[in-house]
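This report goes through a structure with attention to confidence, helix packing and the nonpolar core. The sequence and coordinates are shown first.

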Amino acid sequence: MNWNELIEAAGLLFVLVNPFLLSIYLLGLIRRLNRKTFQSVLIRGSLIATAVFIAFSWMGDRVFNDVLHVRFAAFLIFGGVVFLLIALRFVFHGPESISEIRGDAKHLAGSVAMPFLIGPGTVSASILVGARLPMLPAALAIVLAMTAAIGSLLAFKVLHDWVSVRRVDLVERYVEVVGRLVALLIGSIAVEMLLQGVEKWWQSLAP
């Protein structure tokens with residue numbers, strides 16, 4: 001097993017999962033849930049996402065063609081629409097607005113997994129990991145990346161709770177400024193997904 005390739009593959013997925021952006025996506029949960037509940041929701045959501053990523057790494061884009069019978073372009077376009085809606089809610093209503101689409105805490109794991117963890121970027125990265133590595137090393141790379149990402153989020157939750165007790169004004173300022181700046185980035189990513197999807201669709205029509 002080539003450890004350098006394994007680490008590079010895990011790093012690619014970690015970057016695309018992006019714990020910093022996730023901390024903004026999930027800010028409503030971070031502020032609303034206690035540490036134990038948040039940890040439980042996050043771990044269950046990450047287990048769902050990890051299983052999906054491993055499946056995609058093993059099956060590749062055959063999942064779309066042979067199992068789901070949809071084109072990857074359609075997945076990109078729909079993912080772009082979902083994230084564009086999320087970005088618009090962020091811009092106009094702030095991060096707390098997303099809590100409205102998640103429901104009660106006991107049902108949050110699936111909502112965290114999709115669309116925040118499982119998206120066009122992370123699915124594409126999983127397929128690429130599977131193309132680079134054999135089955136077991138690919139699964140190990142995905143587990144390592146997800147463990148690092150979830151560990152980072154849990155550390156952010158601890159830091160948030162510690163700072164919010166001492167400097168509520170600082171946390172509120174951070175949420176307001178960074179949340180809306182990241183919303184612009186989320187919107188840009190969403191538009192890029194839509195453009196990539198349309199581009200792949202157009203290429204599929206070419207003779």
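Is Thr50 buried or exposed?

## Thr50 in helix H4

In this predicted model, Thr50 is part of helix H4. The relative accessible area of Thr50 is 12%. Because the cut-off for buried is under 20%, Thr50 counts as buried.

Leaving aside neighbours within four places in sequence, Thr50 is in contact with Ile142, Val143 and Met146.

## Confidence

The chain has a mean pLDDT of 76, with 78% of its residues at 70 or more. Helix H4 (residues 35-59) has the highest confidence in the chain, at a mean of 86. Confidence is lowest in helix H7 (residues 108-117), where the mean is 68.

## Packing of H1 and H8

Helix H1 (residues 3-17) packs with helix H8 (residues 120-132) at an angle of about 175 degrees, and their axes are 9 Å apart. At that angle, H1 is roughly antiparallel to H8. On the H1 side, the contact is made by Glu5, Ala9, Leu12, Leu13, Leu16 and Val17. H8 contributes Gly121, Thr122, Ala125, Ser126, Leu128, Val129 and Arg132.

Sorted by class, this contact of H1 with H8 has eight nonpolar residues, three polar and two charged.

In soluble globular proteins, nonpolar side chains tend to be buried together. Here the largest nonpolar core has 52 residues, and Tyr25 and Val123 have the most contacts inside it. Helix H9 (residues 135-166) gives the most to this core, with ten residues.

Conventions
Residues are numbered from 1 along each chain as its sequence is written. This is a predicted model: local features need pLDDT of at least 70, side-chain atom pairs count only at pLDDT 80 or more; totals for chains, interfaces and linings use all residues. Side-chain values use heavy atoms; hydrogens and water are left out. Axes are lines fitted to C-alpha atoms, for helices over the stretch in contact, and angles run from 0 to 180 degrees between N-to-C directions. Helices (H or I, at least four residues) and strands (E, at least two) are DSSP runs, numbered from the N terminus. Angles under 35 degrees count as roughly parallel, over 145 as roughly antiparallel, 65 to 115 as roughly perpendicular and the rest as oblique. Contact means heavy atoms within 4.5 Å. Ala, Val, Leu, Ile, Met, Phe, Trp, Tyr, Cys and Pro count as nonpolar, Asp, Glu, Lys and Arg as charged, and the others, Gly among them, as polar. pLDDT is the predictor's confidence in each residue, from 0 to 100. A nonpolar core is a set of buried Ala, Val, Leu, Ile, Met, Phe, Trp, Tyr and Cys residues joined through side-chain atoms within 4.5 Å. Buried means under 20% relative accessible area, exposed over 50%, partly exposed in between (1.4 Å probe, protein chains only).
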